[in-house]
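Me: Could you take me through this structure a piece at a time? I'd like to begin with how a chain is divided up.
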Amino acid sequence: MPFEGVDFYQLDRQLSEEERAVRDTVRAWVDDHLMPVIGECYIEGKFPRQLIPGLAELGVFGANLPEEYGCAGLNNVTYGLIMQELERGDSGIRSFASVQGALVMYPIHAFGSEAQKKHWLPRLANGKEIGCFGLTEPDFGSNPAGMITTAKETADGWVLNGTKMWITNGSQATVAIVWAKTGAVDDSKSIRGFIVPTATKGYSGRDQKGKLSLRASDTSEIHLEDVKLPKDAILPKSGGIKSPLSCLTQARYGIAWGAIGAAMACYDEAVRYAKDRVMFGRPIASTQIQQVRLAEMLTEITKAQCLTLTLGRLKDDGKLTPQQVSLAKRNNVNMACECAREARRLLGANGILVEYHSMRHLANLESVYTYEGTHDMHSLILGEEITGFAAY
Amino acid sequence: MKIAVCIKRTPDTESRFAIAADGKSLDAAGLKYDISDFDGYALEVALRLNEQQGPGETVVVSAGPEGTQEILRKALSIGADRAIHLGCDTLPYDGMAVAAALSAELRGQEYDLILFGRNATDSGNATVGLMTAALLDLPCVSAVSWLEIKEGRGTAHRELEGVTETVGFGLPAVLTIDEGIARPRLPSLKGIMAAKKKPLETRPAALGEARLTVVAMELPPERTGGRIVGEGPDAVPELVRLLREEAKVL
Amino acid sequence: MSGLAVVEAREGALRKVAFEVVTAAKQASGMTGGGEVHALLIGGSNISASAPELGRYGADVVHIVEHPDLDRYSPEVYAATAAALIQAGSYRAALFCASAQGRDLAPRVAATLNVSLAADVVAFEFEGDAILARHPVYIGKAIATLRLTGTPALLSLRPSAITPVETPAAARVNRIEPAIAPRDARITVTDLSGRAAANLDLGEAPVVVSGGRGLKAAEHFRLVEELAAAFGNAAVGATRAVTDDGWRPATDQIGQTGRLVSPELYIAVGISGAVQHLAGMRTSRVIVAINRDRDAPIMKLADYAIVGDLFDIVPRLTEAVKQARADS
């Protein structure tokens with residue numbers, strides 16, 4: 001059955017024809033191409049690489065970057081709708097698109113030279129190059145400014161050394177945006193971004209095995225051992241922890257939308273199931289307990305939709321702040337986790353099978369709760385914004 | 001080639017289906033519309049022909065009320081070059097009335113091919129394409145399931161109730177396209193943005209007289225189904241008895 | 001009123017739909033105070049031998065075009081000839097069959113005559129100067145009542161909607177020439193291939209036995225074929241899932257995007273009954289379902305259902321059907 005979305009407050013009326021057309025196109029693409037394979041991919045722990053050309057052709061990579069670089073040139077609400085629809089399918093697929101667009105193409109566009117932009121952006125947009133974002137380290141997750149990966153300047157360029165962890169696309173990427181300190185290890189102002197082709201000697205990616213979440217996604221450790229780069233590998237306009245954090249703000253914005261997609265998928269599945277499943281001679285949808293569950297889910301989804309559309313319009317008006325994004329990411333991912341859990345419970349025993357989607361979303365969303373700023377970190381970001389005190 | 005594709009805006013009735021209070025139309029509340037399925041195949045055929053055979057133009061034409069512009073823009077976002085909206089308050093049910101408007105628009109424009117879907121998913125009549133061709137006095141092949149155009153001549157296959165007919169024809173010609181001929185492409189996001197800049201002209205539809213009208217529409221009689229005769233192979237004799245004596249089909 | 005039935009033959013023999021159309025023309029005549037029933041039969045050499053069969057179903061006059069180049073359907077020749085005859089004969093109504101050929105032919109004739117066509121109708125009656133006809137719309141989700149005005153009124157009838165009734169009449173033969181020469185046709189049929197004519201087409205067979213995913217593998221379709229063979233007049237259908245997987249050819253698919261069938265008896269074997277499949281067969285007169293799952297949607301639609309393992313039930317049913325037919 002094709003997915004029809006959830007729109008209790010008729011927010012579609014506030015979308016332009018293009019925004020709806022893009023949303024509907026990605027929705028149909030997910031139904032046609034992703035849904036038939038995602039269960040199997042999840043069980044096997046494999047990212048569906050065969051879908052990359054289709055996603056590229058659709059134009060989802062860096063969709064909100066300018067047309068002159070081979071991108072779709074869409075507004076931020078449209079970008080959000082794309083992430084929503086991808087994550088309705090699976091958080092791992094949306095993660096792939098988030099990384100490619102917000103964490104690889106965005107920094108090249110924001111901090112790169114014209115030559116770098118002209119070379120890399122079209123190739124990343126059409127999926128010929130696949131990127132990953134090397135910021136997080138084994139000992140530096142919530143506190144990326146403490147990183148110990150170094151980039152030492154030499155006569156002909158740079159030498160990078162270090163380890164990054166929990167890197168989406170780390171093993172299958174052809175290019176990595178690596179953040180490293182060019183100065184002393186306690187000097188976070190010396191953090192700069194580097195474009196590292198992964199075929200460069202000294203770069204290796206290793207799949208992190210044993211994941212119980214985001215199984216249809218490549219999550220890897222990457223090692224940089226005396227990786228020699230030319231001078232022009234540096235992103236010239238990057239500098240300080242602000243640079244990678246601004247990339248994260250882009251990604252977190254997309255994730256706020258994505259979480260709504262996951263929640264809608266679980267809610268939709270729960271409603272259909274409740275109406276069909278007959279117990280004690282009547283559909284479980286006619287019982288009070290399940291109705292309360294569904295009412296809660298619909299309420300949370302609707303609230304998140306209203307909040308996030310407003311956020312998207314703020315971004316399109318150039319008025320977005322990172323703290324506004326924190327509020328949305330924190331709220332939406334949390335509510336999506338709860339929707340997935342409640343949907344899973346409503347589905348009963350069937351809810352533990354991969355042919356139903358809620359438990360897969362439930363497991364995935366635990367990662368989404370933790371990455372791109374944990375839920376708790378976003379609480380503190382908001383706390384600092386509200387009170388002026390940094391409590392990290 | 002200069003190819004015209006005539007498309008129709010039809011409702012998606014998968015989820016929502018209710019008869020309106022007037023007793024002869026669909027309840028419009030919550031209805032979503034799209035390009036009629038078979039018309040989507042026709043559009044795909046046109047786009048592929050022009051991709052494979054060098055530069056050409058694909059023009060989409062649709063008669064209907066205001067909402068028709070949205071499906072024309074969708075066709076533009078899928079890859080058509082130009083769109084023509086023949087406006088009218090409501091699209092008549094009578095294929096002859098619609099064919100009059102389409103043939104008036106298409107006449108004299110020197111299209112090499114004019115494509116239609118085999119039938120619209122709402123009426124299921126399969127008449128407008130053939131009628132338009134007859135009014136234009138152009139050769140027409142209907143229900144095309146396979147097509148090849150070479151040097152101004154065409155060869156088509158038609159699936160007819162278990163047999164395949166191979167048909168030859170010259171250009172210009174009108175074809176109605178069956179499904180399965182090619183997988184229709186989705187619009188790309190760039191295509192959606194590019195569609196905004198492509199020409200979409202609107203003019204009034206020169207409809208013909210409507211002599212076939214819908215006077216009522218109702219749901220089919222409720223089948224009282226769900227009778228379980230029994231379980232397992234032991235239920236077979238009872239089923240056969242019922243089929244013979246009650247249903248009288250054996 | 002006088003009515004014309006435009007009948008269809010294939011490979012020199014009249015198809016069952018031809019008798020349906022003549023019966024309908026006879027009924028129309030009865031509805032309007034009597035009047036001659038004419039038939040138009042176009043075909044290759046020796047087609048005139050079929051004229052008396054049309055008389056069995058009520059044709060008073062059979063106009064025959066017998067031409068060696070017309071053994072296959074030639075749309076422009078047939079359309080021009082039918083239009084010319086309808087024009088010359090001042091018929092109140094002309095009826096076609098909404099078979100594949102009829103669906104191609106009737107609209108051409110309507111446009112040539114500048115009259116409207118009620119296509120694919122399942123029932124009709126006269127109301128004053130108009131004809132009211134019923135036609136399934138929205139892929140069978142609703143039935144529309146249409147009002148057709150103008151003379152001649154053209155209708156095409158859904159196959160199997162009318163049951164042929166024998167009301168013998170003279171079937172006086174009137175030979176006519178094609179209105180355009182076959183060699184002047186701009187569309188030429190160069191080949192006709194496919195399954196042997198002996199195999200009943202899904203649209204014509206009184207019984208259809210269909211298989212779905214419940215059969216588990218392509219080789220198990222043999223069970224469905226054997227059950228169909230036991231009936232002697234059954235065709236084999238399939239669901240989309242099964243044709244997508246390549247177990248059966250796409251032309252066997254029954255459903256919203258496949259064939260719409262309306263047989264006397266439809267037997268669904270191992271089919272759950274997805275909405276798009278039901279759309280293709282829900283107007284069958286009698287539906288039988290065999291499925292393991294008593295809650296499958298098809299079980300609620302079926303007039304008679306057996307719950308259980310089809311691998312045990314179907315062979316038993318095949319034997320029972322053979323026995324029942326042998327007994328009768």
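Reply: Chain A falls into domain 1 (11-125), domain 2 (131-233) and domain 3 (242-387), with bounds that come from an automatic or database domain assignment. This is a predicted model, in which local features need pLDDT of at least 70 and side-chain atom pairs count only at pLDDT 80 or more, while totals for chains, interfaces and linings use all residues. Residues are numbered from 1 along each chain as its sequence is written, and chains are lettered from A and ligands numbered from 1 in the order in which they are written.

Me: How many residues of domain 1 of chain A are in contact with domain 3 of chain A?
Reply: On the domain 1 side of chain A there are 28, which meet 31 residues of domain 3 of chain A, where contact means that the C-beta atoms, placed from the backbone, lie within 7 Å.

Me: Which helix gives the largest share of that domain 1 side?
Reply: Helix 3 of chain A does, with 11 residues; helices here are DSSP runs of H or I with at least four residues, strands are runs of E with at least two, and both are numbered from the N terminus.

Me: Switching topic, how many residues does the contact take from chain C and from chain B?
Reply: The contact takes 66 residues from chain C and 66 residues from chain B.

Me: And which strand of chain C is joined to strand 13 of chain B?
Reply: Strand 18 of chain C runs parallel to strand 13 (residues 228-231) of chain B, and 3 bridges join them, where pairing requires that DSSP finds at least two bridges between two strands. Within this pairing, B:E231 stands opposite C:V307.

Definitions and conventions:
Two residues are in contact if their C-beta atoms, placed from the backbone, lie within 7 Å.
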